[in-house]
Every structure is written in structure tokens, then in C-alpha cells.
Amino acid sequence: MNAATNGAVVNLSNVVATAEQLVDGWELVVGLEVHVELATKTKLFSASANRFGDEPNTNIDPVTLGLPGALPVLNRHAVELAMRLGLALNCRVQPCTFHRKNYFYPDLPKAYQISQYDQPLNVDGWLMLPGDVRIGVERAHLEEDTGKSTHFGGAEGRIQGSDFSLIDFNRAGVPLVEIVSRPDIRTSEQAKQYVSELRAILLAVGASDAKMEEGSMRCDVNVSVHKPGTPFGTRCEIKNVNSIRSVGRAIDYEARRQIDLINSGGVVKQQTLHWDDASGRTNVLRTKEDADDYRYFLEPDLVPLVPDAAWVEQVRASLPPLPAARREALAALTGAAKESEAVAVIVERGQDAYIGEVAKVGGDASRALVYVQQAFADEPATPRVPAGDVAALSLMEKNSKITSTQAKTLLAELVANGGGDVIAMAKAKGFEAMDTGALELLVDQAIAADPDAWSKFKAGEQKAMGALVGSVMKLSKGKADGKAVTALLQAKANA
Amino acid sequence: MTVRRTAVDIAASVAAGELTATAVLEENLAAIDAREKEVHAFNLVTADRARERAASIDADVKAGRNVGRLAGVTVALKDNMCTRGVETTCSSKILEGWKPPYDATVVRRLADAGAVVVGKTNLDEFAMGSSTENSAFGPTRNPLDTSRVPGGSSGGSAAAVAAGFSTVSFGSDTGGSIRQPAALCGLVGVKPTYGMVSRQGLIAFGSSLDQIGPFTSTVADAALLMEVIAGHDPLDSTSLPQPAPALSSVLSQGVKGMRIGRITDMPEGSSPDVLARLEAAFDALRQAGANVVDVTMPSMSYGLTAYYLVAPAEASSNLARFDGVRYGLRVDAKDLNSMYGDTRAAGFGDEVKRRIMLGTYALSAGYYDAYYGKALKVRRLIADDFAKAYQSCDVILTPTSPTVAFKFGDKTSNPLAMYLCDVFTIPTNLAGHAAMSVPFGTGESGLPVGVQVLAPALGEAPMFRVAAELERAV
């Protein structure tokens, strides 16, 4: 479903690419349609389980199979999860209706999909990308998933030419939200950021497990190219883009294909394309001429869905802090850049609150950020190591009681043991940071032992420093702080 | 013909131990043995199941257990209502042999109330028709004159009661499919307010129009059955959030002071015998103390056109699931599209195909606004006209059918003539209102004439009061 049509005279987005975002002078216009399966217990219109990976055709019932006489009953929890997502995407939640989208296919049991058409649940939202790039969200509507077809024999796993096909209806009727962006995306990098951010929001609000590899999050990508200041080009829709990396690759490939086509005098035709991840190419699925006429009409088996204001406000109030706000808070707490990898990774793991805990008990937040990023990848959102232990460790390093190398060793031990008394642990290992006097003695010793390296270092050969630092470390049996050694060497050389 | 027992009498007598359910059933089965070959009311007679059921009710009575409001009442079900483990065909080859894994809500409520199902009745395929001639399994004959049709699409259900095959029966009404056969067979037939009776388990024709309702010999029986089957069902999202209305208690209230609407711009084409009976009905109500008031329904004559866009449009979508993939008929073919085409070509009859094509066309890109979209506007106009009319009256009287029962083949070659049978019944479905047909004497050839009582949404109580008065006046 897409409101945008081909060769639009009026452009549907005012976002203009920067000069460095252009590709050989062409501006990319990208819009994404992302389908996500909602994390409900049961299906959108029946009581069968919504569960991935079960034995085929076990989570079925008369409604799921489209048996004659079976009627849909809307799942309130699905509506609530869709509203959570909509509100997290800054959408307006509005009274809405369901339509039938009619087409024949063996994995579509009723031969129509119940979806939302001209009155979707969530409209007019936006999502912020790094660098404060705002991508409009046109709508986020509810619909039911189809069954899953597997075709055997023949080419390319398609139904045409296959020997036989098997259908698993476990997925049929699973609640989906389709999130349609505005065509505000200008680079493949932004598209990847959009999907990544959307995924983070889905996880944060608990709307979906958003596993692209299991198909609970699926992307269709609309791509067109045009010269800045001219009407949008004809778009192509790419289906089967099943990882964030593929989103980038598919857009880059398709934009290049369209630019090359136009440059060689060709014309882009409105097509639906299939992304082949193995070959890194798109193939034509169908052209606009043989597009289905879905004959949408109001679903007479359902009544309009009118979420009352109190319900909407209750859902809004129950939203957790969203990833963007959490990244900002974590950046402010730790002094790291909000777009840094450490901040992104820790918020994605949900471990930002833990760093807050470390800071609250007096720990050094910026060191805790490094510790958690490096050593807590396999830990849950609330790591087993008590925040107080990490706080103690960070203070020991900050106050130069131990070196960063030693801190790393102790951290690994904390993680392995699920915590521990870091002061005792440091003592047991004989860890102590050397005071400057003792360190200076060792530095002098190293210089005396390797006068050749020393003169090279003084002459400005940075390579020579490594050898000197290395021998100081050896002399100190690893207790010397590398940074302090470097500083001493520099000071001596400049003296 | 023997005097038929009413459902009210049977239920009371069986519960009191004065009559056995088995005795009631055996009378019906004997009548079926005698005349079913000639009438062909049923697609399936479930005699064994019915005997078991009747015996179990009799045992319950003996043991002093509660047997429900319809204890021992025999019912026939239109064969588009799902019955668990019992073949349900819609009189279509495409569903031949299909056994639903569940009961329709109405079927379950009837069973809970102690009713005994004697069989599944014939219908125009997928309820599309007005004579039951469109059944894939052959037509049903009118028991009152077997050279004539029983009406349709619920012709089998009407014939079953008229022939004494069951005490009462159930049909579905999308554009008149209960009321018109009730009129043609001399029975009471009710189309409840849309949403009053659950559609769960009713195989859909026009989902926004379909309602299940009873065929009975008396108004009191119809009231009793409505009280049993109506009321909210969480499995049907269009089911109204309220309990069944109390109707049995209003029947004796009379019509004194009630305002009875007479449509001054009624669509033409009714035969004089039918119009004479309508006049007699107005007279009877006047004599009982009601006031007859003139109302207008300028949009009424557009109802037929709007209906033949809305109902086929929904049907084209509802019937798309019969694709040979999961159940019912499959004609094997070289590829998927040929399998779809061959299966549906072999499985559906001409009238069903005609309506699927009509509906598909009406919803197609480029035609939607001109056809389906415009039909929806007419639908609103009709509702508006009714709303205006009901400001000055409580119910409206019209003929149910323009004519008495017609002969076989009279209208089969002319679909439009057949469609005109429903000109008075269709507007009610488009508006989602209530209506019922009450037998009110006879017309040409001594055949019964039905008068239709129209009421606004949830107007069942005044509708039944008027119907009861007409019944008393005959």
C-alpha cells in the first residue's frame, strides 16, 4: 500500500539532499514500508496462538483458515501495541476502519486480507535520525499476515513452475503493523539508520521482537532518482529486503541501475522488484500494467475502531523512555557523543539504566560506559555484576590506583564471577599503580638500557617510543600505566 | 392437512411431560416420508441424530432436568448455517460434502434450548435467488401447490414448515429471503434488525445485509424463537451489545393508538389481489384502534438497483475463498490459475457466477465510484427516508411480495423479473432495519398473501404487536 504514485508532478517531500549526498548529481528519493509482527499472544482476529517456530498448521482455527461462516473479532492487545508504536512514532491515533484487500493466492485463506486503507489507526508521525534528520511517518496501520508458502521444484522457489507447494497457516492472521515512511530518505545510510532506529523503538515499547532473520520485521523499499529541483522520478518497489545491510545494498544497487538506465537514454518503468541478496541484484517481479486491482472495500464483518481518548492517554502515559531520549541522557551522563557507538550499543542492549545506577552509587560514568560496552555484551539489560562493584572499579582506575590494563583484567573477573570485592581482588593480584617517583626510576632505567631508541625518539621518531614504553612495562611487571609512561618520556625529551 | 402444533404448545407440553419429543419428531418424520420426494425441502434429513436428540430430551424430562424453552420443538435449518460434523452445502457443488468443525451460534443456542434439528433445507445456491430454482440439487416445490415455487432463497425452510416436516425453521434474509418465501407459503417470517442475531456460522452472502430469522406458523412462535436466538454474541463483531428483546409479552398489547405508515409513493407492479389484502390489513388495524398515516419513501424504488451492487460486491469477496485450496470441490489442472478457474467454473451455478461478476465489476478500479460508491449513497438515502417516515409512524405496512407464489420457470429466463420479487423487502436490509411477513388471507388461486410489517432498527416490539393484531384479524 502506498499513496505515492509514479512520475509525480507534485513532490511528496520537501527534504533536499546535501551536495555530498547526491550520487553523480542525482538525488535519491527513498521511502520505506516496514511490516512488523506484533508481540501478541494470539492472532489479530482469532484466539489461535501467535508463535513462531511451532509445528506447521498447529496454530489454526476456523477464522485463520477462512472457513465458511467464521467471523473476525479484533484483538484488543494488538490494537494497544499498534497504538504504542504509533505514539512512539509521534503519530496521531485516530478513529479508523478496516478494509478488505482482495486477491487470490493459496496462502491467503479468505482470498482477501483484512487491512486498513483510507482511515488507518496511526497517521502523521515522524522518526528522528542521527544528526537530527527528521523522517516523516505517513501512517502505521494494522493488518493481518498471510500464511507461509514453500514451493518445491522448479526455479527460484517461486510457485510458477514448481512441482508442489506447502502452506503453513500458523502465520496467517498474525497481527502486523505496516509503517509507511514519507519519501524523506535521501541516502542508503539514512535508510539503514531509519530501519535500525525503528527497530530500537519497537523493542523499547515492546510492540514486536523485530527479528528480521525470522521475518517478524520485513522491509519493502521504494527508490527513485531525479535531479534536484525537478519532479520526483518514477519509483520502483523492492521486496524481500531482509536485513539492515541488505537495505543499504539494495538501495545502492537500485539507484545505480536507475541512474545508469537514464544516463544511457532509458526510462525507468514503475516495477515491483525482488532483491536477490546472494547475487546483490534486483529482479523484476511485475510491472505496473499487471498490478493487481485489490478492489478495496469496507470490511462488513468489523465495525469502526474508535480508541477513546482515555485509552490513548493511558497508553501514552505507559510508554517507556524512547531510545533517542535515552541516548541523549546516557551521553549527557557519560560525556560521550550521543551518536557514538558505545551509546548506541548500550541503549540497544538496554544497559543504560545500569550505567545510571553505577553513577548513582558514586562511580565514574564515562569509565562505566567503556566497561559495559566492552565486557557486558553477553549480559542482560540488568547485568549480574552489582553496580557498586563497577563503581568501585571505575574509581580505582580514575584515581590511578590501578592502570587501565589492570582494570580490564579485574572487570573480566567481575563478569566471570558475577561480582566481587575489587579492592581485595586487586590486592590478591598485586595490582597497584606505581607512584610517579618509582615510575621515573624505571623510565630512566629503560633509557639507559636502550640509548639508541632514546636518541631516535628525541629526534622525533615516534616508532621508537613503543620500544621504550614496552621495556618500562616489562620492568614494572605490568604495573606501569602506559599513559603515564608516555607522558614522562615526552616530558624528558622536551626537557 | 392436520392441525399443526405450535412451538409454544410443544415446548410447554414436552416440558410438562404431557407429550414426548420423540412423538413430535415421529410425526414430522412421517410427513417427510410421505411428501419429501415431491416437495424436496431438504438437502439432508438427519433423522438418526434427531431421534437421539429427542430421546435425550425425553430422558431429561423424565429425570426432572431443565430442558430449555424449546424442548422438543423440531427445527429445520437452511443449509447455509454451519452444523458441526453435518454436511453444509449452501446448495452448491463447490461445498458438496463439506462438514463444518463447528456450530453456528444460532444452532448452538437452539440446541441449548432443547430444539431438535430434523435436517438442512434447500436454498437458492448461496442464498442467491427468489424461488429456490437456483439450487444445484434441484428446486423445492411449494407444498400448497407443487406446480409453484416456495419463494426463495430460503424456500426449503419455508416448505418444511408448510409441509409439516418440522415445527419451525430458520432461514437467512439478505434482501427478502425469509419474508418472501414466508409470504408465498403462508407463514410468519422475520428479518430481525441487523446485529440482533449472530451471523457467526452463517455462510456469508452479503455480510452487511445478512440476518438469520425464523419461519413459524404463528406470531407467538416467532416471538419465542427470537427470544431464544437473539442477543449479543462476542464472536460476531457486528452483533449489537444487548440482550434479546422481550417479545412474547407484547403480543397481547393490541395496537390502540399506534401509528401505521402507508407509503404513498410505493413502487408499482403489485398484483391487485395482493394490494387488496394490504388494504384489508390497514382496515383491520384501524378497527383495532390504530391510526393509518401517509408517509413517503422517494428512494424506495432505487433500493433494488443499490442492492444489486452492494450484495454482489460483498458476495464476490465472500465467495472468493471457495478456491479449491483448503476444502470443498477442487478440479485439478495444470497450474494454479487454471485450478482456480476450473474449480470455480465447475462449482458455481449461473446465478452465482452472474453476481460474482457483477460485484467484481462494481468494485473494480475506475468503476467503484460510479457503481459501488453510488450504491452506498443510495443506501444512506434510504435510511434517511425511513428515518423521516418513522418520525410520523411506528411501523409501515407494504406487501411482502408483489404476487402470490408463481409457477416454476416463470422468471428463470429473466433475472430482472426475478429480482423484482424483492422490491418491497430489500430496503429493510439496506437500512439494517427489522421487518416481518404475516400471512393475511389469500389471493389469486386461493394462494396465501403476506403483509409486511416494517419497523425501524430495534423496533421488534411494535412490529410484533402489529403482527399479532393482523394474525388475530384474519
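A: Two strands are said to pair if DSSP finds at least two bridges between them. In this predicted model, an open sheet of three strands in chain A has the order β4-β3-β14, with antiparallel pairing.

Q: Why are β4 and β14 of chain A said to stand at the edges?

A: β4 (112-115) and β14 (297-298) of chain A each have a single partner strand, so one side of each is left without a neighbour in the sheet.

Q: What makes β3(A) and β14(A) a pair?

A: The criterion asks for at least two bridges. β3(A) and β14(A) are joined by two bridges and run antiparallel, so they count as paired strands. Within this pairing, H99(A) stands opposite L298(A) of β14(A).

Q: Why is β9 of chain A called mostly covered?

A: A residue is buried if 20 or more other C-beta atoms lie within 10 Å of its own. In strand β9 (residues 175-181) of chain A, seven of the seven residues are buried, so the strand is described as mostly covered. This holds on both faces: P175(A), V177(A), I179(A) and S181(A) point one way, L176(A), E178(A) and V180(A) point the other way, and all are buried.

Q: What describes the packing of α13(A) and α16(A)?

A: Two packed helices are described by the angle between their axes and the distance between the axes. For helix α13 (residues 436-449) and helix α16 (residues 482-494) of chain A, the axes come within 10 Å and cross at roughly 65 degrees. The crossing of α13(A) past α16(A) is right-handed. From α13(A), the contact is made by L439(A), E440(A) and V443(A), and from α16(A) by A484(A), V485(A), L488(A) and L489(A). These residues divide into six nonpolar, no polar and one charged.

Q: Which residues make up the contact between chains A and B, and of what kinds are those of chain A?

A: The contact takes 26 residues from chain A and 32 residues from chain B. On the side of chain A, the elements giving two or more residues are α1 (62-65) and β3 (99-102). The residues of that side divide into 18 nonpolar, three polar and five charged.

Q: Which residues of helix α4 in chain B are buried, and what covers them?

A: In helix α4 (residues 105-112) of chain B, the buried residues are T105(B), V106(B), V107(B), R109(B) and L110(B). Their cover includes β2 (74-78), β4 (168-173), β6 (211-216) and α7 (219-229) of chain B. Just after α4(B), G114(B) takes a positive phi of about 95 degrees.

Q: What describes chain A as a whole?

A: Chain A has 16 helices and 14 strands. Its C-alpha trace spans about 90 × 55 × 50 Å along the principal axes. Of the 495 residues in chain A, 43% are buried. Among its contacts between residues at least 6 apart in sequence, 69% join residues at least 24 apart.

Definitions and conventions:
Residues are numbered from 1 along each chain as its sequence is written. Chains are lettered from A and ligands numbered from 1 in the order in which they are written. This is a predicted model: local features need pLDDT of at least 70, side-chain atom pairs count only at pLDDT 80 or more; totals for chains, interfaces and linings use all residues. A residue is buried if 20 or more other C-beta atoms lie within 10 Å of its own, exposed if 12 or fewer, and partly exposed in between; C-beta atoms are placed from the backbone. Helices (H or I, at least four residues) and strands (E, at least two) are DSSP runs, numbered from the N terminus. Axes are lines fitted to C-alpha atoms, for helices over the stretch in contact, and angles run from 0 to 180 degrees between N-to-C directions. A crossing is left-handed if the near helix is turned anticlockwise from the far one by less than a right angle, and right-handed if clockwise. Two residues are in contact if their C-beta atoms, placed from the backbone, lie within 7 Å. Ala, Val, Leu, Ile, Met, Phe, Trp, Tyr, Cys and Pro count as nonpolar, Asp, Glu, Lys and Arg as charged, and the others, Gly among them, as polar.
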